[in-house]
Amino acid sequence: MTTASDRQPTVRLPQQPIPTHDDIEPSPPVTPRSRRGRRLVIIGGIIAVTLAAGTFYVFRGDIPYGTTVLGADLGGLSRTEAADTIRTRLAADARTTAAVDIQVEGRGATLRPADIGLAVDVDATVAGAAAGSPKLFGERVVAPVVTVDAERLDTALTEAVGTVGTPMKAPAITFTGLTPKAVHPEAGRGLDPRRTADTVKAGWLSGGPVIVPLVETHAATTAAEVDQLVKTVAEPAVAAPLTIRSGAGTVTVPPAAIAKSLVLTADKTGLITPRIDAGKLRTAIAGRLAKVETAATDAKFTFSAGKPKIVEGKDGKGLDLAALAPSLLTAAQSGDSRTIDATLTTAAPALGAAELEKLGVQEKVSTFTTKFPGGLSSPRSQNIVTAAKHVRGALVLPGKTFSLNKFTGERGYAQGYKDAPVIVGGHLTPGVGGGVSQFTTTLFNATYYAGLKDVEHKPHSYYFDRYPSVIESTIFWPDLDFKFKNDSPHGVLIDTAWTSSTITVSVWSTKVWDEVTTEWSKRRDITSPSTVTKPAGPSCISTSGLNGFTQDAWRLFHKDGKVEKREKFTWKYDPEPRFVCGAP
C-alpha cells in the first residue's frame with residue numbers, strides 16, 4: 001500500500017525537442033587506461049610548471065641557487081653582492097690572518113699569510129661560483145681560489161726550517177788554466193717551490209698544520225748537456241784570442257781573460273746559461289783597455305782664497321763591455337771570425353757640477369786647531385802635514401760614513417810618512433806615522449763641533465795636554481780607526497791648513513745646529529804614575545810621567561736658543577809611567 005507520505009511531488013520540466021538517433025554523439029567508452037592518461041597529463045603539466053618556476057628560481061642573480069663558498073650561501077646574488085659576502089666572511093674568519101703552521105720533515109715554521117702573499121682571490125672565487133651549474137635540490141660547494149707568492153714562501157720557509165733533505169749538486173764547467181772541466185749534476189731531495197705553494201694553498205684553511213713534502217730535485221741542465229757545452233762553448237772559447245776593434249784602436253782579449261770571464265755555472269734550478277761577465281772581463285784586460293779608453297773625471301771641489309770652488313768634470317770614452325758581451329760570446333764559439341767591431345761610448349762623470357751645487361756646501365760650520373811642537377822640520381810634524389794634505393778636499397755625501405784608515409790607506413814609508421814616537425803596548429817607541437793621531441784628534445773635533453755622528457774613535461791611553469780631554473782620538477793602521485757619519489741632508493767638505501806649530505781642520509756644509517758646545521765633569525779617580533827604567537838605546541824614550549784619571553764630557557746640540565739633545569762621552573786615562581832610560 002502506498003501512502004500519501006511516500007509519494008514524491010511531481011516536477012514538470014520544460015518540454016525539449018526529443019533528439020533523433022542521428023543527433024546523438026556517442027561518448028567514448030570510459031576505460032582504466034584512459035583515466036591514467038588524463039592523470040599523467042595533469043601531473044606532467046604540474047611538473048612542467050614546477051620546473052619552469054624552479055628554473056627561474058635557480059637562475060635568479062649571477063650566482064646559481066644552492067652555491068656556497070666558505071659556508072656562505074651565495075645563491076641568487078649578483079657578483080658584487082657575492083664578493084662583498086665573501087669578504088665579510090673572510091674578515092670574520094681568524095684563519096685568514098692567523099699564522100700558518102707549516103711542517104717539513106718534523107721541522108715547524110710559523111708564517112704570517114701577509115708575509116708570503118697568502119690570500120683568497122675573491123674575484124676569481126666569485127667567477128668560479130658564477131660559472132657552475134645550478135642545483136635545484138641540494139648544495140653546490142665551491143672552494144675558494146687561494147693565491148700565494150711562491151718565491152716569498154720558499155724563501156721564508158727555507159729560512160725558518162733551515163737545510164732539509166739532500167742538496168742537489170749543481171752542474172758547472174770550471175777552468176784550470178785553459179782546460180775546461182765538466183762538473184756533472186747529482187739529484188737531490190728538497191723543497192720544490194711550486195709543489196710547496198700548491199700544498200700550502202690546498203691546506204691553508206683546513207685548520208690543521210700544513211705538511212709540505214720533499215721532492216726529488218734534478219738540475220735543469222743534464223750531465224750530457226754539460227758535456228755538450230764543454231765541446232761547443234768552453235773549448236772553442238779559449239782556443240784563440242778575441243779582438244775588439246774600435247775607432248781608437250784594437251783590444252786583444254787573450255784566452256786566459258776569456259776563461260776568467262766566461263761564466264758556465266748554474267742558477268738555483270741547475271740551469272747553465274753561458275755568458276760573459278763584463279766586470280770580470282774588464283778586470284782581466286784593464287791594462288789593454290787603458291790604451292783605447294779615456295776615464296771620465298768627476299766634478300770636484302777645490303779651495304780658492306780659502307773658500308770651496310766647484311770644478312766641472314769631464315766626459316770619458318769607453319767600451320760598453322756589458323753591451324758587447326753577447327757578441328763576444330758568439331765570437332768566442334766561432335772557429336772563423338773572432339773579431340767584433342765596437343764603438344766607443346761616452347762615459348759621463350758619476351758626479352757632475354750640478355749635483356755638487358745641490359749639496360749645500362756653502363758655509364764653514366766648524367773649525368778646530370791644535371798645536372804641535374818641533375816646527376815643520378820634525379818628522380812628527382811632517383807626518384801631520386802629510387795626512388792633512390791627503391784629507392784636504394774629502395767630500396762626504398749625505399748618509400755616507402768617512403773612515404780615515406780607508407781614505408788614506410796604509411800610512412807607511414812608501415806614502416811619505418816618517419818614523420816618530422808612537423804608543424805601542426803602553427810604551428812610547430819610534431814608529432812610522434807617529435803624530436797622525438794629532439791630526440786625527442783635530443779632525444775628530446772638527447766633525448764633533450759640526451754636529452756629525454761619531455761612529456768610531458778611541459782616545460789615547462795617556463792624557464796629553466795639547467788635546468781636549470775625553471774628546472780626542474788616536475789611530476793606528478789597521479787596527480784603530482776614526483769614523484764619522486754625515487747624518488745631515490747636506491754634503492760635508494773637509495778643509496785643512498797648517499803653520500809651523502798648528503794644524504787646523506774645517507768642515508764646510510750647511511748648518512743644522514745653531515751651535516755645538518761641550519761641558520766636562522770634574523776629573524775623578526786620579527792615579528799617580530810609577531817609575532819604569534828601560535834599557536838605554538834608540539827604542540827608549542824618556543818621559544816625566546802623567547797622572548791618570550776618569551772624566552765625562554757632554555756634547556750639547558743647540559737649536560733656537562735651547563739644548564735639543566745631549567751626548568755623553570766617558571774615558572779613563574791610565575797614568576803614564578815615568579820612563580827612565582838606564583844602562584844598556
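Which residue lies over the face of Phe549?

Modeller: Arg523 does, at 4.1 Å from the ring centre of Phe549. A charge counts as over a ring if NZ of Lys or CZ of Arg is within 6 Å of the ring centre and within 35 degrees of the ring normal. The model is predicted, so local features need pLDDT of at least 70 and side-chain atom pairs pLDDT 80 or more, while totals for chains, interfaces and linings use all residues. Residues are numbered from 1 along each chain as its sequence is written, and side-chain values use heavy atoms, with hydrogens and water left out.

Arg555 lies over the face of Tyr448, 4.7 Å from the ring centre. Tyr448 belongs to one aromatic cluster with Phe368, Phe402, Phe407, Phe444, Tyr449, Phe482, Phe484 and Phe569.

The structure holds 13 aromatic pairs; rings of Phe, Tyr and Trp (its six-membered ring) pair if their centres lie within 6.5 Å, and planes under 30 degrees apart count as stacked, over 60 as edge-to-face and the rest as tilted. Phe368 and Tyr449 are stacked, because their ring centres are 6.1 Å apart and their planes at 10°. Phe368 is in strand β22 (residues 363-371) and Tyr449 in helix α14 (residues 436-449), so this pair ties together parts 81 residues apart in sequence. Helices (H or I, at least four residues) and strands (E, at least two) are DSSP runs, numbered from the N terminus.

Phe444 and Phe482 make an edge-to-face pair, 5.8 Å centre to centre with 85° between the planes. Phe444 counts as buried at 2% relative accessibility, and Phe482 is buried at 0%; buried means under 20% relative accessible area, exposed over 50%, partly exposed in between (1.4 Å probe, protein chains only).
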